[in-house]
Amino acid sequence: MLRSLLIALSESRRIRSIAENSALGQKLSRRFVAGTTVEDLILAAVAMNRAGVRVTVDSLGENVTNREEALRSEARYHQLLDQMARHKLDANVSLKLTHLGLDVDESLAHTTVEELLQHAIAIGGFIRVDMEGSAYTQRTLNLVRELHRRPGAAGHIGVVLQAYLYRTEEDARLLCSEGIRIRLCKGAYQEAAAIAYPSKPEVDANYLRVAQQLLRSGLFHGLATHDEKIIGAIQAWTLQEGIPKTAFEFQMLHGVRRDLQESLAKQGWGVRCYIPFGTEWYPYFMRRLAERPANVWFVLKSCWKG
Ligand code: FDA
């Protein structure tokens, strides 16, 4: 119930505008967001790299409603790629197609990602296209598959699949057959039971099933989860199958289980931290609250303390 309410609130443009412009909102967002500027982001990324954790950086924003906003998002991503190269970060970028204008003009989003991909190729980088709600799943996969076929693009662009969707096992099979690197997550949006597993045990079981399918493919994939039971099961299974610790990576979010991120890295497992930054933090922040109701108490307590 609370999860559904928080996800519904995450889509309110009115509350978003109030929250993003309030000093209290900005303060609370720091629980999951590195800050508002590229400099904040670089500081957070350098700290994680020093702790042996790779990063993926996300310039926050989604569902832009006009061309100008989409072009501004694109410019920020080019700036990010330049800064990552300049600071020699062990980093790649994560982006959302609706932040780059998918709702405004599909060809604009396509051209933008293509140009970002060329930039990433030039610096030996990698772009991960995040997965949004199911209304975007097919278009996201089509775009990534098309760009991945371009000369020199293989290994420089990947995508995300969500274990809560029934279609994911089939999508994983197709993408792996084309050599596309996948980040597997559970899924953060509100989806109908007609297309998504409604219960956590079913999502968890599918996560493990698809994770094993990915790791058998021999490609380098990312397993995005903070779920210690799943992490433990994957560790045991990979050791039993003789899959090296370096053949894949665990991925976690900035502000969530940093202790676990650092301890896995110390034990020699690949770990990557997803670090978001920017002023358009509200939908991202609300989805983080929805994932763990205890986070709501943290926010209420912080409000109380002022
Ligand atoms: P689960 O929700 O079962 O939580 C397991 C445990 O992890 C909890 O008991 C708690 O201890 C801890 N935990 C989880 N979330 C927490 C939080 N917000 N705050 C504090 N503790 C928390 N989704 C999507 O739809 N599209 C995408 O592109 C991405 N991308 C992405 C990248 C990365 C690197 C990560 C880690 C996650 C995503 N997600 C995502 C989000 C994902 O779908 C999912 O909602 C969250 O990861 C939470 O699920 P867990 O697998 O952590 O397990």
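Where is Asp-103 found? In this predicted model, in which residues are numbered from 1 along each chain as its sequence is written, local features need pLDDT of at least 70, side-chain atom pairs count only at pLDDT 80 or more, and totals for chains, interfaces and linings use all residues. Side-chain values use heavy atoms, with hydrogens and water left out.

Asp-103 is found in the loop between β2 and α6 (106-122). Helices (H or I, at least four residues) and strands (E, at least two) are DSSP runs, numbered from the N terminus. At 40% relative accessibility, Asp-103 counts as partly exposed. With a 1.4 Å probe and protein chains only, buried means under 20% relative accessible area, exposed means over 50%, and partly exposed is in between. Leaving out residues up to four places away in sequence, Asp-103 touches Asn-63, Val-64, Thr-98 and Tyr-136; contact means heavy atoms within 4.5 Å. The side chain of Asp-103 makes a polar contact of 2.9 Å with that of Tyr-136, and another of 2.8 Å with the side chain of Asn-63. A polar contact is a pair of N or O atoms within 3.5 Å; within protein, one must be able to donate a hydrogen and the other to accept it, and residues adjacent in sequence count only if both atoms are side-chain atoms.

Asn-63 is partly exposed, with a relative accessible area of 23%. Its phi is near 50°, a positive value in a residue other than glycine. A positive phi of about 50° also occurs at Arg-257, which is not a glycine. Arg-257 is found in the loop between β7 (249-253) and α11 (258-266) and counts as partly exposed at 29% relative accessibility.

Two strand residues are buried. Asn-92, in strand β2 (residues 91-95), has a relative accessible area of 5% and is buried. The side chain of Asn-92 makes a polar contact of 2.6 Å with the side chain of Thr-56. Apart from neighbours within four places in sequence, Asn-92 is in contact with Val-55, Thr-56, Val-57, Met-84, Phe-126 and Arg-272. Phe-277 is found in strand β8 (residues 270-277) and is buried, with a relative accessible area of 1%. The C-alpha atoms of Phe-277 and Thr-37 are separated by 6.8 Å, although the two residues are 240 residues apart along the chain. Beyond residues up to four places away in sequence, the residues that Phe-277 touches include Val-33, Thr-37, Leu-41, Asp-58, Leu-60, Arg-76 and Leu-80.

The loop between β5 (182-185) and α9 (200-216) contains Lys-186. A polar contact of 2.9 Å links the side chain of Lys-186 to the side chain of Asp-204. With neighbours within four places in sequence left aside, the contacts of Lys-186 include Gln-162, Tyr-164, Lys-200, Asp-204, Thr-225 and Asp-227.

The largest nonpolar core has 76 residues, of which Leu-95, Leu-184, Leu-223, Ile-234, Phe-250 and Ile-275 touch the most other members. A nonpolar core is a set of buried Ala, Val, Leu, Ile, Met, Phe, Trp, Tyr and Cys residues joined through side-chain atoms within 4.5 Å. A second, separate core of 19 residues includes Ile-7, Leu-253, Tyr-274 and Val-299.

The axes of helix α1 (residues 2-10) and helix α12 (residues 282-291) come within 8 Å and cross at roughly 180°, which makes α1 roughly antiparallel to α12. Axes are lines fitted to C-alpha atoms, for helices over the stretch in contact, and angles run from 0 to 180 degrees between N-to-C directions. Angles under 35 degrees count as roughly parallel, over 145 as roughly antiparallel, 65 to 115 as roughly perpendicular and the rest as oblique. In this contact, Arg-3, Leu-6, Ile-7, Leu-9 and Ser-10 of α1 meet Tyr-282, Pro-283, Met-286, Arg-287, Leu-289 and Ala-290 of α12. Nine of the 10 residues of α12 are buried, so α12 is largely enclosed by the rest of the structure.
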